[in-house]
Amino acid sequence: MSDNPFDPALYRDEAVSAETKAINDGIVQLTEGIEDNWDIGPAEARARRERGEGPFPLPPLSPRAKTRTIDTPAGKLDLRIIAPDNPKGAYLHIHGGGWTFGGAAQQDALLERIADNTGLAAVSVEYRLAPENPYPAAPDDCEAAALWLIQNAKAEFGTEFLTIGGESAGAHLAAVTLLRLRDKHGFTGFKGANLVFGCFDMRMSPSARSFGGRKLILRTKDVEEFRRCFVPADADLEDPDISPIFADLKDMPPALFSVGTQDALLDDSLFMHARWVAAGNKAELAVYPGGAHGFIAFPGQLAESGLARIDRFLNEVQA
């Protein structure tokens, strides 16, 4: 695979490995015939997931994880923490799920890997989910978690070195959190942002609009429905607090944008990376041939390549 994200060869069908094609075909087969989440509703879809009735097995919980409950303006907020001995810093993690699904306990393997491979204490936010708690609930919770970490990292982990990141909706919330910290609190002390196949434009980028209905984790319909759940009908979709691609992005930390070429949100990462750099910030763009939305959660060499690149980035920003 070329390391140049602007190499046209990366985006051609022949760049996709046989293994990745087989994984993608398997994903489509697993989801064919399954009731649509939007037909049964988010609450029932979550309940089935918790019962292990979805197309994908529930990930195992880590015995190393601890829960810390903090006070916020909106009430109690849980943080799920997996930390190595003598952390070198902290990684504020924000999970994906379209602001509607997921939870802080559903990616313990990823948090363990970050703790073990980078020396960072992974702190994942159990933010409130839509549609029961639409915007601005999730950004408010992530902002509160970030402020708590800024104030308490030294006492909790013995370090004030801070990084942030997330996947999909979590990457969106990570970007919004950085902007809120800068604009509302005058804080620009996070040293790295790991933004993995994020959604940065609520108007829907061209790739999101044109992806269609192939059940490769995220369809055009899913992006539309997630937006409907999260964003009030009368919201300004160009508000930077809703679509961070419209923000003034100056004074943002070095960032790694990771995305696959068969992701409905491909353009979100391509465009946001360009805007990040144009604002004078350091940024890397890693593009993975054939990678579907969420590809780092599936087995195979492509996922390992993506995870290894994330490890490397989080280590490099500590240097």
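**Notebook: the sheet and its helices**

I began at isoleucine 164, whose bridge partner in β6 is alanine 193. I note that this is a predicted model, in which local features need pLDDT of at least 70, side-chain atom pairs count only at pLDDT 80 or more, and totals for chains, interfaces and linings use all residues. Residues are numbered from 1 along each chain as its sequence is written, and side-chain values use heavy atoms, with hydrogens and water left out.

Elements here are DSSP runs numbered from the N terminus, helices being H or I of at least four residues and strands E of at least two; two strands count as paired if DSSP finds at least two bridges between them.

**β5 and its neighbours**

I found four bridges between β5 and β6, which run parallel.

I then asked how many of the six residues of β5 are buried. Six of six are, where buried means under 20% relative accessible area, exposed over 50% and partly exposed in between, using a 1.4 Å probe and protein chains only. Leu162, Ile164 and Gly166 lie on one side, and Thr163, Gly165 and Glu167 on the other.

**The whole sheet**

I traced an open sheet of eight strands with mixed pairing, in the order β1-β2-β4-β3-β5-β6-β7-β8. Its edge strands, β1 (66-72) and β8 (283-292), each pair on one side only, and the twist averages 20° from one strand to the next. At the β8 end, β7 (residues 255-262) pairs with β8 in the parallel sense over seven bridges, and serine 258 has alanine 286 in β8 as its bridge partner.

**Helices**

I looked up helix α10 (residues 301-316), which packs on the sheet and touches β3, β4, β5, β6, β7 and β8, its direction making about 170° with that of β8; contact means heavy atoms within 4.5 Å, and angles run from 0 to 180 degrees between N-to-C directions of lines fitted to C-alpha atoms, for helices over the stretch in contact.

In helix α9 (residues 266-278), I listed Leu266, Asp267, Asp268, Ser269, Met272, His273 and Trp276 as buried. These buried residues pack against α6 (169-185), β6, α7 (206-210), β7 and β8. After α9 comes glycine 280, with a positive phi near 95°.

Key
Expected span 1.5 Å × (residues − 1).
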